[in-house]
Amino acid sequence: MGWVLYLIEPELLETLLSNEPSYRAGQLHEWLYRHPVQAAEHMTNLPKVLRDDLADRLWPFEVEVVQSADGGATRKWLFRTPDGAAIEAVLMGYPRRTTLCISSQAGCALGCTFCATGQFGFERHLEAGEIVAQVAFARAHLEAHGMKNSPDRLTNIVFMGMGEPLANYVRVRESIRRMIDHMDISARAITVSTVGVVPGMRRLAAEPWPVNLAVSLHAADDELRSKLVPLNRRYPLADVEAAAAAYFEAKHRRVSLEWTMIDGVNDSDDQATKLAAIAYRLHAHVNLIALNPTPLTPDLPSPPDRIEAFQAVLRRHGINTTLRDTRGRDIDAACGQLRVRKSAG
Ligand code: SAH
Ligand code: SF4
């Protein structure tokens with residue numbers, strides 16, 4: 001296949017166009033990063049010959065499946081790279097924001113029991129360009145089609161698709177750099193979600209950008225957490241909490257704690273009380289998500305009244321908490337689930 005535009009470091013575009021006038025690289029950069037288009041033929045100020053040359057060299061993947069749900073307010077893409085890796089991204093429109101959830105790895109090696117991506121295992125890291133291309137693709141889509149009742153501009157980017165971003169540190173870092181330096185995306189609009197890769201959290205704290213950090217906790221004592229999140233045996237809760245505290249210190253950005261509500265597993269008042277203590281120490285916000293059931297475990301989401309009771313305990317301790325809506329549940333838009341279904345069937 002040869003080279004692909006989004007896999008080239010933006011700074012090196014010029015070398016690619018050495019036979020063209022020097023302003024060409026600037027024009028191309030504009031189309032790739034500032035006003036992404038779905039196809040090279042839409043790069044209207046480039047000569048036709050060049051547009052034809054670039055036609056098959058724009059995206060590092062093909063669109064294999066597109067699904068939409070919630071009356072068009074949720075759209076999910078399954079992309080496929082030439083070497084067969086699956087990448088998924090989900091676009092979610094709200095009245096005042098349009099959020100894109102992106103993947104950092106094809107699969108994930110960390111094996112959290114309730115996660116479809118984890119159940120499937122690790123395929124490979126995504127390149128920085130493959131991560132950035134998900135953002136550009138969503139922008140091109142919004143530019144062309146908009147989003148009903150939501151801003152037509154991407155307002156938030158969350159690393160909550162497939163993979164553990166901090167286990168692919170260097171490429172994820174580079175993708176964030178490209179978004180900030182080349183795509184006019186503010187660091188404050190970006191959220192990195194981690195299950196607690198402590199060295200990665202510490203490295204991220206030392207970066208110059210105030211990106212948001214979300215820590216997927218799911219359990220508030222080591223015994224339960226090690227069952228749900230195998231990585232907890234390597235980086236136990238106290239270490240994760242210390243790294244989150246250091247992040248807050250360094251960035252003055254409120255960390256959020258993510259908690260997938262699993263019926264009868266981690267939804268007791270006792271867990272809520274322990275979680276409240278951690279959240280209090282971290283000045284953190286707690287995001288609850290009802291479990292999206294996966295094929296490999298019999299686990300179910302906590303019932304609504306249990307979620308309310310859990311939230312009541314948190315609030316009694318002065319903790320801010322929100323229940324994340326399970327967008328696109330009917331299209332498995334939670335975490336790596338479309339892919340499992342495709343491979344299984
Ligand atoms: N690896 C990172 C980011 C990707 S997972 C992390 O774990 O944080 C993004 C979020 O989806 C995490 O908070 C994770 O706990 C949640 N998640 C995973 N599987 C889920 C499921 N089956 N139902 C609901 N949320 C799930
Ligand atoms: Fe990996 Fe996150 Fe899924 Fe755990 S929840 S297996 S870290 S993607």
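At what relative accessibility does Asp70 stand, and what does it count as?

Author: Asp70 counts as partly exposed, at 39% relative accessibility. Buried means under 20% relative accessible area, exposed over 50%, and partly exposed lies in between (1.4 Å probe, protein chains only). This is a predicted model, where local features need pLDDT of at least 70 and side-chain atom pairs pLDDT 80 or more, while totals for chains, interfaces and linings use all residues. Residues are numbered from 1 along each chain as written, chains are lettered from A and ligands numbered from 1 in written order, and side-chain values use heavy atoms, without hydrogens or water.

Asp70 sits in the loop between strand 1 and strand 2. Helices (H or I, at least four residues) and strands (E, at least two) are DSSP runs, numbered from the N terminus. The phi of Asp70 is near 55°, a positive value in a residue other than glycine. Most residues other than glycine have a negative phi. His283 also has a positive phi, of about 55°, and is not a glycine. His283 lies in the loop between helix 10 (269-282) and strand 11 (285-290). At 42% relative accessibility, His283 counts as partly exposed.

Now to the rings. Ten aromatic pairs are found in the whole structure. Rings of Phe, Tyr and Trp (its six-membered ring) pair if their centres lie within 6.5 Å; planes under 30 degrees apart are stacked, over 60 edge-to-face, the rest tilted. Trp59 and Phe61 have ring centres 6.2 Å apart and planes at 10°, so they are stacked. Phe61 and Phe79 are stacked because their centres are 4.1 Å apart and their planes at 25°. Phe61 lies in the loop between helix 3 (48-54) and strand 1 (62-69), and Phe79 in strand 2 (residues 74-80), so this pair ties together parts 18 residues apart in sequence. Trp59 is buried at 12% relative accessible area. Phe61 is buried at 7%, and Phe79 at 0%. Ring pairs join Trp59, Phe61 and Phe79 in a cluster with Tyr6, Tyr33, Trp77 and Phe137.

Two rings carry a charge. The charged end of Arg57 sits over the ring of Trp3, 4.3 Å from its centre. That of Arg97 sits over the ring of Tyr94, 4.1 Å from its centre. The test is NZ of Lys or CZ of Arg within 6 Å of the ring centre and within 35 degrees of the ring normal.

Next, helix 7 (residues 198-205). Its buried residues are Val198, Gly200, Met201, Leu204 and Ala205. They fall within an arc of 160° down the axis of helix 7, so they line one face. That arc is taken from the directions from helix axis to C-beta atoms. Their cover includes helix 6 (169-182), strand 8 (190-194), strand 9 (212-216) and helix 9 (237-251). Contact here means heavy atoms within 4.5 Å.

Last, the ligand. 20 residues surround ligand 1, and the closest are Phe114, Ser193, Ser216, His218 and Asn292. A residue is near if one of its heavy atoms lies within 4 Å. A side-chain N or O atom of Ser193 is 2.7 Å from an oxygen atom of ligand 1. For the side chain of Thr260, an N or O atom is 3.5 Å from an oxygen atom of ligand 1. A nitrogen atom of ligand 1 lies 2.8 Å from a backbone N or O atom of Asn292.

Technical notes
A polar contact is a pair of N or O atoms within 3.5 Å; within protein, one must be able to donate a hydrogen and the other to accept it, and residues adjacent in sequence count only if both atoms are side-chain atoms.
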